[in-house]
Amino acid sequence: MIFFRAMGCNFVRLYTKTLVLNQKKGYMNNLSKKKDTLMYSNQDSEKLVFNDNEWKKILPADVYHIAREKGTERAFTGKYWDHKEVGTYYCAACGSPLFNSNGKFESSCGWPSFFEPLNKESLNFIPDNSYGMKRTEVTCGKCNAHLGHVFEDGPPPTGLRYCINSVILDFKKEEDPE
Ligand SMILES: [Zn+2]
């Protein structure tokens, strides 16, 4: 009896593990299929220099609008403004890792808000005086896509608020430790 119970238990564990692995594999396949381009990589950090026409051919229209035309998604409409899962946020245009959920905070502004990036070198900071405002634009250090702006009204320890469009972010959940 104990033997059978142990067998059953192992079988369930094995089955669950296989299921989880298959789900992960499926997820990764989908992601690489969606992003199977020369421009997209989560590992390669070499700077990309392509013109807008080239980007237009490969980016979905909404991503192109934010990345290359400096668009802004409507507040409270993006997929990540209220997103709380643990993991990494990548540039949706080129795949460069930009932010971690550790650096995200709940802001009432309606866009994903971070108090620090993964690494300041992975971003460009550009003075932006458009619309009569003095702001600092943040772009992707690898592909120069417009991401959003950084403001000095964030929480400690940095006092900064990186206000980023969800459309230009890809999120990957942290893998469970095996
Ligand atoms: Zn990028």
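On one side of helix α3, Ala61 and Glu69 are exposed, a residue being exposed if 12 or fewer other C-beta atoms, placed from the backbone, lie within 10 Å of its own, buried if 20 or more do, and partly exposed in between. This is a predicted model, in which local features need pLDDT of at least 70, side-chain atom pairs count only at pLDDT 80 or more, and totals for chains, interfaces and linings use all residues. Residues are numbered from 1 along each chain as its sequence is written.

Helix α3 comprises residues 61-69, and its buried residues are Val63, Ile66, Ala67 and Arg68. These four lie on the same side of α3 because they cover an arc of only 165 degrees around the axis, the arc being that of the directions from the helix axis to the C-beta atoms. Helices (H or I, at least four residues) and strands (E, at least two) are DSSP runs, numbered from the N terminus. The buried residues of α3 pack against α2 (52-58) and β7 (146-151), where contact requires C-beta atoms, placed from the backbone, within 7 Å. Just after α3, Lys70 takes a positive phi of about 55 degrees.

Strands β5 (residues 123-128) and β6 (residues 135-140) pair in the antiparallel sense over six bridges; strands pair if DSSP finds at least two bridges between them. Leu123 has Cys140 in β6 as its bridge partner. Six residues lie between the strands of this hairpin, where Tyr131 takes a positive phi near 60 degrees.

Strand β1 (residues 87-91) pairs with β9 over five bridges, and the bridge partner of Cys91 in β9 is Leu169.

Technical notes:
Two residues are in contact if their C-beta atoms, placed from the backbone, lie within 7 Å.
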